[in-house]
Each structure stands twice: as structure tokens, then as C-alpha cells.
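Please have a look at it first.

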Amino acid sequence: MSVAISIKNAVKRYGDNTVIPGLSLEIKDGEFFTLLGSSGCGKTTLLRMIAGFNTIEGGQFYFNDKVINNIPPEKRNIGMVFQNYAIFPHMTAYQNVAFGLEERKIKDPEKRKRVEEMLSLVQISELRDRKPENMSGGQQQRIALARAIVIKPDVLLMDEPLSNLDAKLRVEMRSVIRRIQKQFGITTVYVTHDQAEALSISDRIAIMNKGVIQQIGTPFEVYRQPRNIFSATFIGESSLLDATYVQDGSVDISGYEFTLAHLSKRLERGEAMTLCIRPDDFYFAEEGLSGRIEECTYLGSNYEYIVALDNGSQIKADIKATGEMIEIGTKVFVRFNEERANAFSKEGGNSLMEYYDEEEN
């Protein structure tokens, strides 16, 4: 698959404040690529640099091997969808979608054909003559999506497009965006702080923190094979446990020994590490790490337990609700899925798993 967007050593500064210190990445042609991170991590700044809305203090930006640093936004052939919709309040749905085509001097019947097709594709044909004030947030976002795609952009840029919608509409619009993006094969860069959104919609995800990419991978990779402890704790929930390497894949936690799958072969006996375990990978057993139930929440399909371990650590365990809830204060033994646990170095917090054996920790 060819590379549609290439960024090499991008730098963004605001005065003396460096927001992006030297970022590089490649986005494949037709890929749905998500920039994921908390507020202030630089993801929207990077998106606006790709769009041409922000100045570039260093590095090179390429569209299909062509440097675009000095090309104005209107000549980059991009479609944009914003958090606040940014559709024209005085125009009907039809006029909003047609706007970009008119700017490109595309006239009827081609203009009408393309607008009608897009309105149908985003399932709002019946709103063609309605103005935004008479539409719901979800309908307005569909107009914004149709307007961005109708011009047949080379790149579609989306900045937190669903954050103003309620939970049910967000899930619905995820499906709409994903379906249309795949249908047209548009290279898409999507910005969000919502982990579930990123996991459900992306081909690949870049996790960002303080202008630095922590990991790039598929949704499975960033969730199940985190590259460092930041990625492991940012995506989803995790419990952290101190452990010591014994030998042959075995680790010791407070005197209890487990064998972990996929541990690096480069570890030395006695090496300290941090284990990262997802709540749904814990289970209760006849033996294991001992502790007591401190809290329990019923969530319908599962119980969410907070367990205070005897060694002073605390873990969260999601257990399928097939029986009665275990009472607070009950002594329990906890084990976990040894195929899915991840280990990280005490210094630097980088992965100690065999997936990253070729990289320096």
C-alpha cells in the first residue's frame, strides 16, 4: 500500500513553547488513521499543520511524495469535518453540500447529481431543503460529512467530529463515518480523545503525549501489545503490580510465582518490572495473590470488583456475573490470564515483551 501522507521531523512552536518537538509518521493510502491523546497533547495542532491552517516551524509534510509545506489550504484538496460542524446557518442542507462544488466551478447537472448522491449516502435526503437550525446535532454532522466528501478530496481530516453528540448518536455516527470512508477509500486522519471511538473506527492509531508519538499500531496492538506503560494505562484500564523476574519466563509477585507468556529472552534474574493487567483478565481461584474484596459494582453482564491485595496493591477485576456477588470483606485469591499480561521496565517504562525484543528499552 502506497504512502499518502508522510511527515518528517515536524516541529511546532508557539513563541518559546515547543508543542511538537520533532514528529515523524507515515499514513497509508486509503487508511483510517487516528491521532489519539488527551487535551493538549498536540493532536489537533498536528492535524491543522496537515491542513495548512498552522505554520510549520520545522520538518517536511508530503502528500504522495509532494512537499505541501507552502501550499495554501484551499489548494491541498482536503475535506474537513470539525467538532462544531461549521456548516452555514443561512443555507439549506442542499446548499451546504453544494458549496464546495460551486467553489470548484462544477455546475448542474453534475453538481446536482453529486449532491443528491451524497445526501442519500448519509441518509438525509429528506432534509435537503431544511436549514441547520431545524436539524439535530447528528443531522448537522451528516451534512458536514457530506460536504467534506462530495468534493472528492485526496485527504479527509476530522477533528473531534462526534464529541458534541450524545452517546447513542456517537456510536451511530461512528458506523456511518467508517462505512463511507471505506466505500470511497479516502485517506482519513481522525483526531479524538475517546479511546473506545479510536479502537472501534481505526485501521491504525497513534497515541500522543506532549507532542510525541508513544506508539503506532492497529487497535489490537495498542490495546494488547502496548509499547510502553503510558500506552498501557492510557488505552483502557489496567492494574499495575510490582514483580521480579525469576527465570524461564517466571516472575514473582510478593512470594507468589507466575509464568508469563511472551516475556523477553533478554531479562536477567532478579530484574524488577511492572506488570500491567486488564480488569477482564483477572479471575478468582483456589490459590494465587491473596486479598480482600473492597468494593463491588454490578454492571449487568459483569461485576466490577476492587480487591485490596495483602501486599498493599489494589487491582480491579471484571468478573462475569454468573453467580451471586461476593460480599465486601471476603478473602479471595486472584489470578490472571498469563497469555495477556504485559511487563514493563522499572526505568523508562518500556515493554519487556518479546514483540519488542529488537528495540532498546
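Predicted model: local features only at pLDDT ≥ 70, side-chain atom pairs only at ≥ 80, totals over all residues.

Let me begin with S264, whose side chain reaches the backbone nitrogen of R266 at 3.0 Å, a polar contact, meaning a pair of N or O atoms within 3.5 Å, where within protein one must be able to donate a hydrogen and the other to accept it, and residues adjacent in sequence count only if both atoms are side-chain atoms. Residues are numbered from 1 along each chain as its sequence is written, and side-chain values use heavy atoms, with hydrogens and water left out.

S264 sits in the loop between β13 (256-259) and β14, where helices (H or I, at least four residues) and strands (E, at least two) are DSSP runs numbered from the N terminus. Is S264 buried or exposed? It is buried, because its relative accessible area is 4%, and buried means under 20%, exposed over 50% and partly exposed in between, with a 1.4 Å probe and protein chains only. Leaving aside neighbours within four places in sequence, S264 is in contact (heavy atoms within 4.5 Å) with L352, M353, E354 and D357.

Let us move to helix α2, residues 93-103, whose buried residues are A93, Y94, N96, V97, A98, G100 and L101. These buried residues pack against α3 (110-121) and α4 (137-150), and just after α2, K105 takes a positive phi of about 65°.

Of its 36 residues, V97, I143, L145, L156 and I177 touch the most other members. The elements giving two or more residues to this core are α2, α3, α4, β7 (155-159) and α5 (167-184), and the largest share, seven residues, comes from α4.

Which residues does L145 contact, leaving aside its neighbours within four places in sequence? They are V81, V122, L156, M158, V176, I177 and I180. Apart from this core lies another, of 31 residues, among them Y245, Y256, I315 and A317.

Note on methods: Core = buried A, V, L, I, M, F, W, Y, C linked by side-chain atoms within 4.5 Å.
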